[in-house]
Number of protein chains: 2
Amino acid sequence: MKLADVPTPALLIDEMALAHNLAEMAAALPGPRLRPHIKAHKCTALARRQAESGHESFTCATIAECEGMAAVGLGADLLLANEVLDTRRLGALVEDGARVTVAVDSAETIDAAIAGGVREVLIDVNVGLPRCGIPPAAAGQLADQARRKGLQVRGVMGYEGHVVGLVDAAERAAQCQESMELLLAAHTDVGGELISAGGTGTYAINTWANEIQAGSYALMDTAYNELSLPFRQALYVLATVISTAEGWSVANAGLKCFGMDHGAPSLDNTEALNNTEALDGTGVWFCSDEHTTFAPPKRVGDRVRLIPAHVDPTMAYHERAYLFRGEDVVDVWPIDLRGW
Amino acid sequence: MKLADVPTPALLIDEMALAHNLAEMAAALPGPRLRPHIKAHKCTALARRQAESGHESFTCATIAECEGMAAVGLGADLLLANEVLDTRRLGALVEDGARVTVAVDSAETIDAAIAGGVREVLIDVNVGLPRCGIPPAAAGQLADQARRKGLQVRGVMGYEGHVVGLVDAAERAAQCQESMELLLAAHTDVGGELISAGGTGTYAINTWANEIQAGSYALMDTAYNELSLPFRQALYVLATVISTAEGWSVANAGLKCFGMDHGAPSLDNTEALNNTEALDGTGVWFCSDEHTTFAPPKRVGDRVRLIPAHVDPTMAYHERAYLFRGEDVVDVWPIDLRGW
C-alpha cells in the first residue's frame with residue numbers, strides 16, 4: 001500500500017523517525033533504566049519495538065493497558081502508575097502469570113490492592129504536582145502499613161509532571177532536582193529497589209530516579225518539540241483538502257482526530273508554531289469536529305500532514321496507525337489499548 | 001444494574017433529561033423541520049429516540065456515520081453535510097436503498113459525487129464561517145454545473161458556525177440573520193426544496209432555514225449551557241475519587257474522556273463555571289491523561305459527575321454510554337458511529 005492510498009483522516013507513524021527515537025533513548029537509558037510509558041501510544045505493536053530496544057518493564061496508566069500488554073506477552077514487569085480502587089482484573093493478570101505492581105498512596109488503595117489479589121506495590125509520593133501521591137514525610141509510614149498487611153513494597157514513584165514540560169532547560173533541571181530530593185527522602189524511609197519517576201522532558205537530567213517513565217519520546221508532539229530534545233517528530237495526522245477558498249483551505253481532520261488540551265495541531269513543514277497562526281496569517285486557524293482550517297490555501301485533493309500538539313489524547317481517538325517508510329505503508333498497527 | 005456498580009470512568013446519559021430535550025425540540029421544530037446532527041452523539045440508539053420523536057431525516061459529518069445510520073434502518077434521508085472526495089462508500093449505500101445527499105462546494109466535489117454513485121447534492125454556501133462552502137454569489141453557477149452533469153440539486157446549506165455559540169442573544173440573532181440573508185440569496189439562484197442550516201444555538205431564532213441541523217441539544221455541554229436554552233444537561237462522565245490530599249482530590253477521568261477544545265469539564269452541582277476554578281479555588285483545577293484534579297477535596301471512593309465542555313469530541317472517546325434513570329442503569333448504548 002502506498003501512503004497516497006491511505007483513506008483520510010489517518011494517523012501516520014514515520015518508521016525511520018520512530019526507530020531513531022527508540023535507539024536514541026535506548027542509548028541514553030538502556031534496558032531497565034527506562035520503563036516506557038505506554039499510555040503515550042496505547043499500541044502493543046509499538047511497545048514490542050520498545051521491548052526489542054531492550055526495555056522489558058513497562059509503565060501503564062489504566063487496567064486495560066495492563067491487560068493488553070499481558071495478552072501479547074509483554075507482562076514481565078508492568079507498573080500501573082496510578083491509583084485504583086478495584087484491582088480484581090489486575091489480580092487476575094497476576095494469577096495468569098503477569099507481574100503487576102500498582103501505585104498506592106492511601107490506606108484505601110493498599111486495601112484495594114490486597115482485596116483484588118495484587119501483591120506488589122510502589123508508594124506514590126507527591127513531589128510537587130497537585131495530583132496523586134502521599135506527602136513525602138508520610139511515605140515511610142504508608143510503606144510500613146503495606147508491609148504489615150503482607151504486600152511487597154518495591155520502592156517509590158513520584159512524577160514531576162509540573163516540570164517535564166518547562167521550556168527553560170535550567171529551570172527544568174532545578175525543579176527536577178527539587179522534586180527528586182523529595183522523592184529520595186521518601187525512598188530513605190520506604191526502601192525497596194525502585195525509584196521510578198521522570199518523563200520525556202526530564203529523561204536526560206533526572207539522574208536521581210533509577211528508572212524513567214518516559215513515553216512521548218517515541219512519537220513526539222509539538223509541545224515536546226519545543227524542548228530541543230534529540231527526538232524526531234514521528235506522528236502525523238494525514239488529511240485531505242476538501243474545500244478551498246480565497247485565503248484558506250479546509251482539511252478533513254478535526255477535533256475528533258486531535259487531543260486539543262495543548263492547543264490545535266500544526267501544519268508539517270511550516271514555520272508556524274504550536275497552535276497559532278503566524279503573524280502573516282499562515283498556519284492552522286482553528287479546528288472543528290471534522291475540519292482544520294489553515295492558510296495559505298492549497299488545492300482540493302492535496303494532502304497535508306498535521307502534527308498533534310499532545311500525543312497521548314490524540315492516539316486515544318484512533319483505531320489504527322499507518323506505519324510508513326518514504327512513500328510506502330509498511331504496516332498497520334491497531335491502537336489496541338484504548339478504553340478502560 | 002445500579003449506577004453505583006458502573007465501572008469508572010464512564011459516560012452517563014440521564015434518560016429523563018434526554019427525553020425532555022427531545023420533546024422540547026420536537027415541539028419547537030417538529031418532523032422534518034429538524035434534521036438532527038448525529039455527529040454530536042455518534043450513537044444509533046440515541047438517533048432512534050430522535051426518530052421516535054418524529055425526525056426521520058438526519059445530518060451526518062462522516063461516511064461512517066452514514067453507513068451506521070443506514071445499517072440500523074435510519075437511512076431514509078441522510079445528509080452528509082460535508083465535502084468528500086471519495087464517495088464510493090456512499091454510492092454503495094444508495095445502491096442498497098438508502099437516500100444519501102452530499103454537500104458540494106466545488107467542481108471537484110461534484111465530480112466526486114458522480115464518480116462514487118451519489119445522485120443528490122446540496123450546494124454548501126459560505127455564510128461567514130471560514131470553513132467549507134462556496135461564496136453565495138457563485139452558488140447558482142455551481143448548481144447549474146451539477147445539474148448539467150446529471151445530479152439532483154436539492155437546495156442549499158450554510159452553517160452559521162461562527163454564530164451558534166455567541167452568548168449575547170441579540171448579537172446571535174443579528175448575526176444569524178446576516179448569515180441567512182446570504183443563504184437565501186444563494187437559494188434564489190440555486191433553487192430546490194431545502195434550505196438547511198442552524199444549530200443548537202440558533203434553532204429558535206433561525207426562521208429563514210426550513211430545516212435545522214441541531215445536534216448538541218439532545219445531550220448538552222457546559223458551552224451551550226451558557227446560552228440559557230431550554231435544554232437540560234443530560235451527559236456526564238462518572239468518575240471515582242482515587243486520591244485525596246489537603247486541598248484537592250483526584251478523580252479517575254481525564255484528557256482521554258473529554259473533548260478539551262472548549263476547556264476542561266466542570267463538576268456537577270457546583271457554582272464553578274466552565275473550565276475554570278472559582279476565585280475561592282473550588283472547581284476543576286486541571287486534567288491529565290487519566291486524572292481530573294479538583295477542590296474542595298472528597299473522600300477516596302466517592303463518585304463525582306463531570307460535565308464535558310464540548311459534547312461532540314467527548315462522545316468520540318467512549319465505546320459506550322450508560323443510560324440511567326435515578327439510581328438505575330436502564331440501558332447501555334454503544335457509541336457505534338465512531339471513526340471514519
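**Exercise 1. Find how many residues the largest nonpolar core has, and which of them have the most contacts inside it.**

Start with the rule: a nonpolar core is a set of buried Ala, Val, Leu, Ile, Met, Phe, Trp, Tyr and Cys residues joined through C-beta atoms within 7 Å. Buried means that 20 or more other C-beta atoms lie within 10 Å of a residue's own, exposed means 12 or fewer, and partly exposed is in between, with C-beta atoms placed from the backbone. By that rule, the largest core has 224 residues, and Leu80(A), Ile123(A), Leu80(B) and Ile123(B) have the most contacts inside it.

A note before you go on: this is a predicted model, where local features need pLDDT of at least 70, side-chain atom pairs count only at pLDDT 80 or more, and totals for chains, interfaces and linings use all residues. Residues are numbered from 1 along each chain as its sequence is written, while chains are lettered from A and ligands numbered from 1 in the order in which they are written.

**Exercise 2. Pick Ile123(A) and look for its contacts, leaving aside neighbours within four places in sequence.**

Two residues are in contact if their C-beta atoms, placed from the backbone, lie within 7 Å. The partners of Ile123(A) then include Val104(A), Ile134(A), Leu142(A) and Val153(A). Ala139(A), Ala143(A), Ala186(A) and Val190(A) are also among them.

**Exercise 3. Work out which residues of α6(A) and α7(A) meet.**

Helices here are DSSP runs (H or I, at least four residues), as are strands (E, at least two), numbered from the N terminus. Take α6(A), residues 139-148, and α7(A), residues 169-190: they pack at an angle of about 35°, with axes 8 Å apart. Now zoom in: Ala139(A), Gly140(A) and Ala143(A) from α6(A) meet Ala186(A), Asp189(A) and Val190(A) from α7(A).

**Exercise 4. Describe the side of chain B that touches chain A.**

Count first: 43 residues of chain B are in contact with 43 of chain A. Then look at elements: β9(B) gives the largest share, four residues.

**Exercise 5. Is Pro230(B) buried or exposed?**

Locate Pro230(B) in the loop between α8 (222-225) and β9 of chain B. Pro230(B) counts as exposed because it has 12 C-beta neighbours inside 10 Å.

Technical notes: Axes are lines fitted to C-alpha atoms, for helices over the stretch in contact, and angles run from 0 to 180 degrees between N-to-C directions.
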